[in-house]
Amino acid sequence: MDVRAALAVQAGKPLEIATVQLEGPKVGEVLIEIKATGICHTDEFTLSGADPEGLFPAILGHEGAGVVVDVGPGVVSLKKGDHVIPLYTPECRSCPSCLSRKTNLCTAIRGTQGQGMMPDGTSRFSIGGKPVHHYMGCSTFANFTVLPEIACAKIREDAPFDKVCYIGCGVTTGIGAVINTAKVEEGATAIVFGLGGIGLNVIQGLRLAGADMIIGVDLNNDKKAWGERFGMTHFVNPKEVGNDLVPYLVNMTKRGADQIGGADYTFDCTGNVNVMRQALEACHRGWGESIIIGVAGAGQEIATRPFQLVTGRVWKGTAFGGARGRTDVPKIVDWYMQGKIEIDPMITHTMPLDDINKGFDLMHAGESIRSVVVY
Ligand code: NAD
Ligand code: AHE
Ligand code: ZN
């Protein structure tokens, strides 16, 4: 079938709207009509050429929601008409990683996913007879896509696609980093670096967990009001603090008789490796945990003095907020529908597919929190 897609033709070039061909679902696969998709910074990261796994031409997008319109042979858990959120971290429930109960990083199809292919090693998308790569196993920047059954979370039918698509990445990543990865406890002190589409969800996750002091750090002063809107208690712009950001933050978090300072939990939501170091070093001696969420470009490395770890600070990372998609995503949709978490105010812009590059421009300009393409 012909589908409308935003094609990533080359690194660093705007997406091109094109008609591409899509083959139907094979064994264990489903055809999804994508109704809405968010634009995440990771799409920009890959389009920029910084992603070591970036492949071109490709159909990017990994934050979607839609409806099953056809099922391939052997599909058991989904049927036509089901509402779903595509999962870039699938949940097969039978690979060693899923069975370990120690991680959400299902390994069933990660190899072919990283090669921009479906699990059988081929692509369903093509243009002019030439294959086009899938992206993160989702390719939601097309009005139809094919997904493995294990990479679809079935959700309730009354949830609005143009809002819950954000649960496909940003919302789950931010809230999950707090709840699943850091396991933040009531009364904790936390620092969030980068108050964009992910950082604000970390902040609402911290509010949900009952954190007492929630410090937001961003270079953009406009983010102060945004952070406060979701529970941030203090804001710091590093440009106004100079080179002494870490001691400044440690000083802000001093409490107790020993007055040592440092946060119980810090979160990097920038993808900047220097910020990742600051986030670790702003943790409390003995127990502070720093969670890396941001994705850094090819060749980038993190550094710190080993003494930081010797003295009890912990460096962790999280993908998709540690969420097991088929199990956890429907619950997060319920939380949204029950008013337990907020999504609507963070979706600052919506646009048709034809205007998708405007969504990337708004992100570059720091003017959007989330842009959502509605098909
Ligand atoms: P975004 O562009 O919406 O927000 C980034 C924010 O960081 C902006 O507010 C920006 O002003 C701020 N910032 C940039 N440099 C900074 C610095 N040096 N100090 C303080 N603030 C700074 O991006 P997003 O969609 O929120 O994504 C954030 C990061 O998370 C990206 O690297 C993205 O690729 C990554 N990500 C990771 C996962 C995961 O599963 N680990 C999931 C989604 C996104
Ligand atoms: N391909 C990159 C890494 C990109 C990355 O870390 N992706 C995150 C999700 S970001 C969503 O916005 C992730 O889930 N990682 C785990 C995985 O298996 O990809 C690289 O550096 O090669
Ligand atoms: Zn994302």
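Predicted model: local features only at pLDDT ≥ 70, side-chain atom pairs only at ≥ 80, totals over all residues.
1. **Domain contact.** Where the domains meet, eleven residues of domain 1 are in contact with ten residues of domain 2. On the domain 1 side, helix 1 gives the largest share, three residues. That side of domain 1 has seven nonpolar, three polar and one charged residues.

2. **Ligand 1: position.** Why does ligand 1 lie between domain 1 and domain 2? Both domain 1 (2-168 + 343-374) and domain 2 (173-318) give residues to its shell, so ligand 1 sits between them.

3. **Ligand 1: shell.** There are 32 residues around ligand 1. The nearest are His41, Gly194, Gly196, Ile198 and Gly271. Helix 1 (residues 41-48) contributes three residues, the largest share of this shell. By class, the shell around ligand 1 holds 16 nonpolar, 14 polar and two charged residues.

4. **Ligand 2.** Which residues surround ligand 2? They are Cys40, Thr42, Asp51, Pro52, Glu53, Thr89, Leu105, Arg110, Cys169, Val295, Ala319 and Phe320. By class, that shell has seven nonpolar, two polar and three charged residues.

5. Six strands make an open sheet in the order 12-11-10-13-14-15, with parallel pairing. Strand 12 (234-236) and strand 15 (314-317) are the edges, and each pairs on one side only. From one strand to the next, the twist averages 20 degrees.

6. Strand 13 (residues 265-268) and strand 14 (residues 289-292) are joined by four bridges, in the parallel sense. Look for Thr266, which stands opposite Ser290 in strand 14.

7. **Helices on the sheet.** Helix 6 (residues 199-209) packs on the sheet. It touches strand 10 (189-193), strand 11 (213-217) and strand 13. The direction of helix 6 makes about 165 degrees with that of strand 10. Helix 8 (residues 245-252) lies across strand 10, strand 11 and strand 12. Helix 8 runs at about 170 degrees to strand 12.

8. An unreviewed UniProt entry places the feature "domain: Alcohol dehydrogenase-like N-terminal" at residues 28-154. In the model, residues 28-154 are 14% helix and 28% strand. The end C-alpha atoms of this stretch are 15 Å apart.

9. **Antiparallel pairs.** How do strand 3 and strand 4 run, parallel or antiparallel? Strand 3 (residues 29-38) and strand 4 (residues 64-71) run antiparallel, joined by seven bridges. Here Leu31 has Asp70 of strand 4 as its bridge partner. Strand 4 also pairs with strand 5 (residues 83-86), in the antiparallel sense, over two bridges. In that pair, Val67 stands opposite His83 in strand 5. As background, strands of a sheet pair through backbone hydrogen bonds, either parallel or antiparallel.

Definitions and conventions: Residues numbered from 1 in each chain as written. Chains lettered and ligands numbered in written order. Near = placed C-beta within 6 Å. Nonpolar A, V, L, I, M, F, W, Y, C, P; charged D, E, K, R; others polar. Domains from an automatic or database assignment. Pairing = 2+ DSSP bridges. Axes fitted to C-alpha atoms, helices over the stretch in contact; angles between N-to-C directions. Contact = placed C-beta atoms within 7 Å. UniProt positions renumbered as here; feature names shortened; annotations may be inferred.
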